[in-house]
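Please consult the sequence and the structure shown here alongside the text.

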Amino acid sequence: MAISLAALLGVNSLKLSKVGVAETTWHQDINWVAVTELEDPQRFLNGGELILTTGLRLKSAPEQRRFVRQVQRAGAVGIGFGVGLSHEAVPPALLAEANRWALPVVEVPYETPFIAITKLVADAQSADHYAKLERLIAGHQVLARALLTGGGLAELLKQLGSMLRTDIALTQFTAQLYNSSSAAPSADSWSTYPIPTGRRDACTLWVRQPFEDSGIIGYAQNLISVELNNMVKQRQAQRALCGQVLEDVIHGALETSEAQRRLAGVGINSTRKNVVLLAVSAAHNKALGSTAVPRELENSVAAVVGKDLVLVVNDDGGAAPALARKLSDHLAEAGIHATIGIGGAYTKPNGLRWSYFEARDAASHGLPVNEPERLSLTSLLLASEDVPLADMAHESLNPLRAFDAAHGAELMTTLESYLNNNGSVAAVAEQLTLHRNTVRYRLAQITELTGYDPAVTPDRVQLWLALAVARLSARQGK
């Protein structure tokens, strides 16, 4: 351990004696020993030294007092004055000035060489450094063992807090990955340490003040960084696996019993109500698939379906909007611009499919968070990749669009009005300010161009479906 003036005085072989009355730094550790015969050694001192001198150049009282002031300003812990060479005793002026500035003074007899004191302090410093190094290595082993024996990040942080004897927290974006305290960390009473992971993930280690860092925090930062990168890889693999199961369920490729079994295998209990939260980001879909989720969604099952992040939440629908907003805020904090769609709450695998399609339809509205609407059959058909409904709709309506573009005939407008008014020619004429015969003439043109007669129920359904799909396709940017 480092040694103090009081401890030095207790070493009988040195034969040191205390002079003066100052004891302010009497028990303070000596950082080093500086032997000097300069009148002003201040610029060569860093603070915490024991100054040893024989006063060879300190012949007058003013010089002696000035020497004390310079040493005290440099932050020395005391003066060891060697007697029997230049001075037979510690000069009274030097001693008085030292008492005035509360700087301890010890007398070093002629037979005690300065090198003996220097060696003793150096040995103490070396022993102290060695002890700290041993503790640091032991601390490294404890943290590494906590991480590698299955305890994971939480156990590592728990051990780190025990070593530092304080609270520890770890945050990533808006998510709190760990906190040994019930209070949220704040900059005014916690120290912060960035955790490098090679990504813009704003991961921060928080340590509540006060604490003494012997170097263990730097090692912990590296271990946390490695573990977070491992967690990203594990997260990607797990989400890919869950995504395969969900895609099979969404496409209806599994029998109900098989779907239930496979969903249970990835942690989804389809006998209870589940809600799908769908996050879509064209610009950041890669980061979207690997990013962490807020603490409130840690118990959800996350999957990557296509390029989208799907979260299956066990919920009756009441908490879903708040959870979606948490997810939106979290992703925005991470620099991921995403649109969140919310599905309804349903049981069974087919209910999960329906919730997914509702969430997908809601996400197409383009707001940061989109709550579900009643899902139309049109939306569900359009969501199925096996049905080329959009192509069929364009094939039906393109002749009308081309004719309108060439002649300004407004056949599309007339068709929409006719269908929206339940086939009433009079209502269309009134809405569009047309003569009824003009409406009938336009309807005849529509029949001729498309091959579908709006007055016949099957053809009317076909045209209505084509218009509905066209509107939805335009909204989804397809």
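The points below cover annotated regions, a sheet, and selected side-chain contacts. The model is predicted.

**Annotated regions**

- An unreviewed UniProt entry lists residues 11–123 as "domain: Purine catabolism PurC-like".
- Across residues 411–468, the chain is 78% helix and 0% strand, with 16 Å between the end C-alpha atoms.

**The four-stranded sheet**

- An open sheet is formed by 4 strands in the order E7-E6-E9-E8, with antiparallel pairing.
- Strand E7 (175–179) and strand E8 (190–194) are the edge strands, and each of them pairs on one side only.
- From one strand to the next, the twist averages 20°.
- Strand E6 (residues 168–172) and E7 run antiparallel and are joined by 4 bridges.
- Thr171 has Gln176, in E7, as its bridge partner.

- His330 is located in helix H8, which spans residues 320–333.
- The relative accessible area of His330 is 0%, so this residue is buried, the cut-off being under 20%.
- The His330 side chain reaches the backbone oxygen of Ala292 at a distance of 2.7 Å.

**Aromatic rings**

- The count of aromatic pairs comes to 1.
- This pair consists of Tyr356 and Phe357 in an edge-to-face arrangement, with 5.5 Å centre to centre and 65° between the planes.
- The arrangement counts as edge-to-face because the angle of 65° between the planes is over the 60-degree cut-off.
- Tyr356 has a relative accessibility of 6% and therefore counts as buried.
- Phe357 has a relative accessibility of 8% and likewise counts as buried.

**A charged residue over a ring**

- Lys18 lies over the face of Trp26, at 5.0 Å from the ring centre.
- The distance of 5.0 Å for Lys18 and Trp26 may be read against the distance cut-off of 6 Å for a charge over a ring.

Definitions and conventions
Residues are numbered from 1 along each chain as its sequence is written. This is a predicted model: local features need pLDDT of at least 70, side-chain atom pairs count only at pLDDT 80 or more; totals for chains, interfaces and linings use all residues. Side-chain values use heavy atoms; hydrogens and water are left out. Helices (H or I, at least four residues) and strands (E, at least two) are DSSP runs, numbered from the N terminus. Buried means under 20% relative accessible area, exposed over 50%, partly exposed in between (1.4 Å probe, protein chains only). A polar contact is a pair of N or O atoms within 3.5 Å; within protein, one must be able to donate a hydrogen and the other to accept it, and residues adjacent in sequence count only if both atoms are side-chain atoms. Rings of Phe, Tyr and Trp (its six-membered ring) pair if their centres lie within 6.5 Å; planes under 30 degrees apart count as stacked, over 60 as edge-to-face and the rest as tilted. A charge sits over a ring if NZ of Lys or CZ of Arg is within 6 Å of the ring centre and within 35 degrees of the ring normal. Two strands pair if DSSP finds at least two bridges between them. Axes are lines fitted to C-alpha atoms, for helices over the stretch in contact, and angles run from 0 to 180 degrees between N-to-C directions. UniProt positions are given in the numbering used here, feature names are shortened, and annotations may be inferred rather than shown by experiment.
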